[in-house]
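Here is a short report for a reader meeting this protein for the first time. Please look at the sequence and the model, then read on.

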Amino acid sequence: MPARDSIHNLVKKAIIKDGWEITDDPYVISYGERFLFIDLAATGHEFNNGNLIAAKQGNFQLALEIKEFRGNSPIVDLEQAIGQYILYQLLLKEVDPVREIYLAISSFTYNNIFSESIGKLVINNLPMKLLVVDLEKVEVLQWIPQRPIEKSSNK
């Protein structure tokens, strides 16, 4: 099993705080003779005005790949994250097609690469889904494109 990013536990705490239940840590994908490890898998439920409205049919399944972007080059880190994200996305389509993949990053990483033109290009054209976490407050700041399950909806 690969080493965890140093922000793994903070992201895990933030996602739990956001109302998600961790189901796998790590989430193991078996494909052919290979085993790959996505950092976390989680399940959420649909809420309306704070009340649970769907527990089984409203489940949303999530996979989170956590990336710290701590190398010497943010572009090299971005290239590696894109490759891993796309590979996991392809594998999930085959083995767990209802599960959505998100790249979990810190607000620092978001502000330093994903808010730039090149980051926006990646988000808009892949499209890449992001979970942005404030590591100091240990909370989810932003879901890109949006939170998969809104806590209050206009249904």
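## Contacts along the chain

Among contacts between residues at least 6 apart in sequence, 60% join residues at least 24 apart. Contact means heavy atoms within 4.5 Å.

This is a predicted model: local features need pLDDT of at least 70, side-chain atom pairs count only at pLDDT 80 or more, and totals for chains, interfaces and linings use all residues. Residues are numbered from 1 along each chain as its sequence is written, and side-chain values use heavy atoms, with hydrogens and water left out.

## Helices and strands

The protein has four helices and ten strands. Their order from the N terminus is α-β-β-β-β-β-β-β-α-β-α-α-β-β. Helices (H or I, at least four residues) and strands (E, at least two) are DSSP runs, numbered from the N terminus.

## Surface and burial

Of the 155 residues, 43% are buried. Buried means under 20% relative accessible area, exposed over 50%, and partly exposed in between (1.4 Å probe, protein chains only).

The accessible surface comes to about 8,900 Å². Carbon and sulfur atoms hold 49% of it. Areas come from the Shrake-Rupley method with a 1.4 Å probe; for residues, only the protein chains shown count as cover.

## A look at Asp-96

Where does Asp-96 lie? It sits in the loop between helix H2 (74-95) and strand E8 (99-106). Asp-96 has a relative accessible area of 11%, so it counts as buried.

Its side chain makes a polar contact of 2.6 Å with that of Tyr-27. Another, of 2.7 Å, joins the side chains of Asp-96 and Arg-99. A polar contact is a pair of N or O atoms within 3.5 Å; within protein, one must be able to donate a hydrogen and the other to accept it, and residues adjacent in sequence count only if both atoms are side-chain atoms. Leaving aside neighbours within four places in sequence, Asp-96 is in contact with Tyr-27, Gln-61 and Leu-91.
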